[in-house]
Amino acid sequence: MKTILSNPDFLALKKNLKKDFSTFSTYKLAILGDSSTQLLNSAIRGYGYEVGLNIEIYESDYGQINQEVYNTSSGLYGFKPDCILIFHSTQKLLSQFYKSNETEKDRFGENHINTISSLFDKIKSELNAKIIYFNFIEINDGVFGNYSNKISSSFTFQIRKINFELMKLAIIHKNVFINDICSLNNQEGLKLSHDPKLYVNGDFVFSLDFTAKVAKNIVDIILSIAGKIKKCLILDLDNTMWGGIIGDDGMENIQIGDLGIGKAFSELQAWIKQLKQRGIILAVCSKNTESIAKEPFEKHPDMVLKLDDISIFVANWESKVDNIRYIQSVLNIGFDSMVFLDDNPFERELIKKEIPSVVVPDLPEDPSRYLNFLRGINLFETASFSEEDAERTRQYQEEAKRTVFKESHKSEEDYYISLDMTSEVKLFDKFSTPRVAQLTQRSNQFNVRTVRYNEQDITNIISAPGYMTFSFDLKDRFGDHGLIAALILKQQQNALFIDTWVMSCRVLKRGMEQFIINEIVKVAQSKNIKTIIGEYLPTPKNVIVKDLYSSLNFHNNNNLWVLDTTDFTPFKTYINATN
Amino acid sequence: MLQTNQLNEVMETVNGIFIDVLEDDGIVVKYETTAADIAEWDSLNHIALVVAIEKKFGIQFTAKEIQDFKNVGEMCEGIILKLQK
């Protein structure tokens, strides 16, 4: 992982501005701030270069947030941004606060939250854009000292209230994401995050170094909204998950728990376990004898991670390059969604060289620094969270069992029949909305048009006239895959246009595609719709659905794929529908 | 009176910073050089220059200093004074 990605330097980001962005996809970002934002603008665009994004920026004039939002003929609306950054600074808020009387001070936080909430509502009524709102660096203005914590009309009290209420507001507004500069500042401290002379001379509230970090934080959020997230964490074992070498030292002597510097590893494991519970898939890739490597996971009382937590356990003496390729092939996710942790710089460099899209953080030498370092570089940004995330490890373990089961069957057909597959077909509802939105955001491979929808978009589509929506789950004898496919169909006169067809790659080669098209045709026929139209929009990642429509007997017509429902023979599948 | 060779040394380092920050190998600064003489030296780049110089020399300018420097020479003299403290 390049230093500029984990710890960006402003000057290096600025130098990117002159480079060639022409091969990158464009993302339109509007910046509305109440203080100077030109440096932030440069840093965001420069950081975009590092992650292959051409972030086109509209920067409003200084202090024009309300004018831009409430005047619908403003430059903001003319620009049609994908995302709007709104940045109210603590400094401006503080000077407003000082102009307030005692009663107003007591309600200051509440009033500001109302102001923000109205801004969000106005934007939502005019634009289908994401909003990234900066929370507030909590400056104690020193007027009451520590006692400010006991006075509801103090700035400390009100600013913290705003930060707390902001989180609640962001829960309600699905299109709003918080740029948590308060946490970022907690890492750096005000001495580093704020440069008084830049503030006094140019009204820049961030130091140059901090500006680069804020830019990274914003691009992290943008990437996660675009579905570019990390899904899997691959762990080395010796001196990464515990202190010492299991093969040499033996299970009793590895440092974990109270032994030696074991605390560093126990706490790292506890953090990793939380990631797993959030939905990050854990894999092990270790140069070890498998039985020896597994022993602590099974028997050591101080191990926080257990075998159950690991979806794929690879311990052998092969090259880690091959092993990581194997892990990728089993999980069927992109290399760029995988993170590899290893204390050994040699192994790290090897992976960086051979599989450059895998993210390989350069762990500090001292294991006691691993955890703070990893927390600080924000690898696991996400733009959604659903219950299914937490289920993922179990699903990948079931998949591993299926692989073994499949090998025991003579023919594919035999295997499919014995799987006892059932699928529930449903219209989207409020329960499936988060998962459906997530599928559209995260699926890169089986995604025919790669249109990304957030939860709000999905809610709108459910109630919009002329749309039909279907979600599909899949169960088999080994377990429940959960909701694995979603379709959004748009009625166009006497035809149905497939606006979105996304499917989890976990269920490929099960006949799910055929099952889905059978179901869709049934619906079309019942409504006397004669034609179903599909479209394939190629991306670097969705080549697996290039021939989807032709394989389903659609015929090509001017780059669209057309299926006649009056002359359709249902495909044979081994999946039974349940409603 | 400052030693001329010390001033020259500092000015040479500062020249290197100008080249790096403004991304122009052709920049040659003299005592009298001002922002008006170098196209890329605008107010935003001024900030980047000041911060780069602070880091290089391990010093900190005051808010007033960065407003008051009339030319590169004065800036370099300011650096030397800080280094002597």
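How many bridges join strand β6 of chain A to strand β7 of chain A? Four bridges join β6(A) (residues 232-235) to β7(A) (residues 281-287), and the two run parallel. The model is a predicted one, in which local features need pLDDT of at least 70, side-chain atom pairs count only at pLDDT 80 or more, and totals for chains, interfaces and linings use all residues. Residues are numbered from 1 along each chain as its sequence is written, while chains are lettered from A and ligands numbered from 1 in the order in which they are written.

Helices (H or I, at least four residues) and strands (E, at least two) are DSSP runs, numbered from the N terminus. Two strands pair if DSSP finds at least two bridges between them.

Strand β3 (residues 83-87) of chain A is mostly covered, with five of its five residues buried. A residue is buried if 20 or more other C-beta atoms lie within 10 Å of its own, exposed if 12 or fewer, and partly exposed in between; C-beta atoms are placed from the backbone. In a regular strand the side chains alternate between the two faces of the sheet. In β3(A), A:Cys83, A:Leu85 and A:Phe87 point one way, and A:Ile84 and A:Ile86 the other way. Five bridges pair β3(A) with strand β1 (residues 25-33) of chain A in the parallel sense. A:Phe87 is the bridge partner of A:Gly33. β3(A) also runs parallel to strand β4 (residues 130-134) of chain A, over four bridges. There, A:Ile84 has A:Ile131 as its bridge partner.

Two separate nonpolar cores were examined. Each such core is a set of buried Ala, Val, Leu, Ile, Met, Phe, Trp, Tyr and Cys residues joined through C-beta atoms within 7 Å. The largest has 79 residues. A:Leu85, A:Ile86, A:Ile44 and B:Val14 are among those with the most contacts inside it. Helix α13 (residues 208-225) of chain A gives the largest share of this core, ten residues. Two residues are in contact if their C-beta atoms, placed from the backbone, lie within 7 Å. Not counting residues up to four places away in sequence, A:Ile44 touches A:Leu29, A:Ile55, A:Ile57, A:Ala215, A:Ile218 and A:Val219. A second, separate core of 43 residues includes A:Phe428, A:Ile488, A:Val507 and A:Leu552.

A:Ile221 is found in helix α13 of chain A. A:Ile221 counts as buried because it has 22 C-beta neighbours inside 10 Å. A:Ile221 and A:Ile132 are 89 residues apart in sequence, but 8.3 Å apart in space, C-alpha to C-alpha. Leaving aside neighbours within four places in sequence, A:Ile221 is in contact with A:Ile132, A:Phe177, A:Asn179 and A:Glu381.

Strand β13 (residues 495-503) of chain A is mostly covered, with seven of its nine residues buried. Eight bridges join β13(A) to strand β12 (residues 479-492) of chain A, and this pair is antiparallel. A:Ala486 stands opposite A:Val502. On β14(A) (residues 531-535), β13(A) has a parallel partner, joined by three bridges. A:Ala495 stands opposite A:Thr531 in that pair.

The contact between the chains takes twelve residues from chain B and 13 residues from chain A. On the chain B side, α2 (43-57) and α3 (63-68) are the elements that give two or more residues. α2(B) gives the most, with five residues. The chain B side divides into nine nonpolar, two polar and one charged.

How values were computed: Nonpolar A, V, L, I, M, F, W, Y, C, P; charged D, E, K, R; others polar.
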